[in-house]
Amino acid sequence: MKLGFIGCGNMANAMLGGIIKNNIIASSDIISSDLNDVSLEVAKDTLGIKVTKDNKEVVDQSDIIVLSVKPQFYSSVINEIKYLIKENQIFISIAPGQTLEGLRTAFGRELKIVRTMPNTPALVGEGITAMCYNKNVTEKEADLVASILAGFGKVEVITENLMDAVVGVSGSSPAYVFMFIEALADGAVAAGMPRNKAYTFAAQAVLGSAKMVLDTGKHPGELKDMVCSPGGTTIEAVRMLEKEGFRSSVMEAVKACIDKAKSL
Ligand SMILES: NC(=O)C1=CN([C@@H]2O[C@H](COP(=O)(O)OP(=O)(O)OC[C@H]3O[C@@H](n4cnc5c(N)ncnc54)[C@H](OP(=O)(O)O)[C@@H]3O)[C@@H](O)[C@H]2O)C=CC1
Ligand SMILES: O=C(O)[C@@H]1CCC=N1
């Protein structure tokens, strides 16, 4: 199995780190192209993969091709490679707003296309990737793609109509979570805690809370109530978060993200 990435930036590095570390595909069987010499040098040195400046070489040498450039560059790269892709190759999109039908139109013919939405926690093996695929992809091929994506976290097969929601809730949400961690730490720093220690306490609290949601299966509201002692400290913080519109601002942020994904 030969895997190719066109574009070797943040997301490609996060995905490839897990794929190689977990021995899903050997680095010698992976090739990536990029316009940027520095990105290629970094990928070659840190991941040990083959690198090239030529996108066509990636298509030529790969069974599965991941297009990991920004969505605005999708059409120009697809125009460059569309005549080279063969019907037995699998094309994977990781971009928001790029629909299966839109990609078929861009390629101008029926190909095996998988649409995914990963996230950067892939870098530490804790990503979550949503995937859907067109009628040309067999169940066996979908399982193969899912096993590659599982190299850097969880994988969920979903219907395409939910893909924009995935961008809002997991593709982009690490950025909002980092802002939350930063703000938690700022609060502790304001109370005198050294900054590095504050990041450790804030991040571990977020990690542990997320794990409680996943491991217990309990409603997040019930888990929140378990922290709020009657007449205690937490309910004062919760009261202030409600007053300042915390949950509403998060929901509005997710909506803005989804609206943007739909518009791309
Ligand atoms: N970052 C994230 O958290 C997530 C990103 N995604 C999606 O992943 C894709 C990649 O994003 P990300 O990794 O963040 O972006 P980056 O900008 O970090 O990486 C893209 C790389 O592709 C290079 N590039 C641009 N044009 C071409 C081209 N024509 N041929 C070859 N390489 C090219 C860029 O070079 P240069 O810098 O010189 O332009 C850059 O090195 C996007 O579609 C994004 O929406 C999906 C989920 C999460
Ligand atoms: O900001 C973006 O457009 C990309 C897609 C999801 C996360 N990052």
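Figure 1. Of the 27 residues around ligand 1, the nearest are Gly7, Gly9, Met11, Asn36 and Ala95; a residue is near a molecule if its C-beta atom, placed from the backbone, lies within 6 Å of it. Helix α1, residues 10–21, supplies the most to this shell, namely three residues. Helices (H or I, at least four residues) and strands (E, at least two) are DSSP runs, numbered from the N terminus. Sorted by class, the shell holds 14 nonpolar, eleven polar and two charged residues. Here Ala, Val, Leu, Ile, Met, Phe, Trp, Tyr, Cys and Pro count as nonpolar, Asp, Glu, Lys and Arg as charged, and the others, Gly among them, as polar.

A word on conventions: residues are numbered from 1 along each chain as its sequence is written, while chains are lettered from A and ligands numbered from 1 in the order in which they are written. As this is a predicted model, local features need pLDDT of at least 70 and side-chain atom pairs count only at pLDDT 80 or more, whereas totals for chains, interfaces and linings use all residues.

**Figure 2. A look at asparagine 55 in helix α3.** An unreviewed UniProt entry places the feature "binding site" at Asn55; UniProt positions follow the numbering used here, feature names are shortened, and annotations may be inferred rather than shown by experiment. Helix α3 covers residues 55–61. Asparagine 55 counts as buried because 22 other C-beta atoms lie within 10 Å. The cut-offs are 20 or more such atoms within 10 Å for buried, 12 or fewer for exposed, and in between for partly exposed, with C-beta atoms placed from the backbone. Neighbours within four places in sequence aside, asparagine 55 is in contact with Ile6, Ser33, Val77, Glu80 and Ile81; contact means C-beta atoms, placed from the backbone, within 7 Å.

**Figure 3. Strands β1 and β2 side by side.** From strand β1 (residues 3–6), Leu3 and Phe5 point one way, Gly4 and Ile6 the other way, and all are buried. In a regular strand the side chains alternate between the two faces of the sheet. Strand β2 (residues 30–33) pairs with β1 in the parallel sense over four bridges, where pairing requires at least two DSSP bridges between the strands. Isoleucine 6 has serine 33 in β2 as its bridge partner.

**Figure 4. Proline 118 in the loop between β6 and β7.** Proline 118 is buried, because 26 other C-beta atoms lie within 10 Å. Apart from neighbours within four places in sequence, proline 118 is in contact with Met11, Met15, Ile94, Gly127 and Thr129.

**Figure 5. Inside the largest nonpolar core.** Among its 52 residues, Met15, Leu16, Ile65, Ile92, Val114 and Val145 touch the most other members. Helix α1 gives the most to this core, with seven residues. A nonpolar core is a set of buried Ala, Val, Leu, Ile, Met, Phe, Trp, Tyr and Cys residues joined through C-beta atoms within 7 Å. Leaving out residues up to four places away in sequence, valine 114 touches Ile90, Ile92, Met131, Tyr133, Val137 and Val145.

**Figure 6. The surroundings of ligand 2.** Pro96, Val167, Gly171 and Ser172 surround this ligand. Their classes come to two nonpolar, two polar and no charged.

Definitions and conventions. Contact = placed C-beta atoms within 7 Å.
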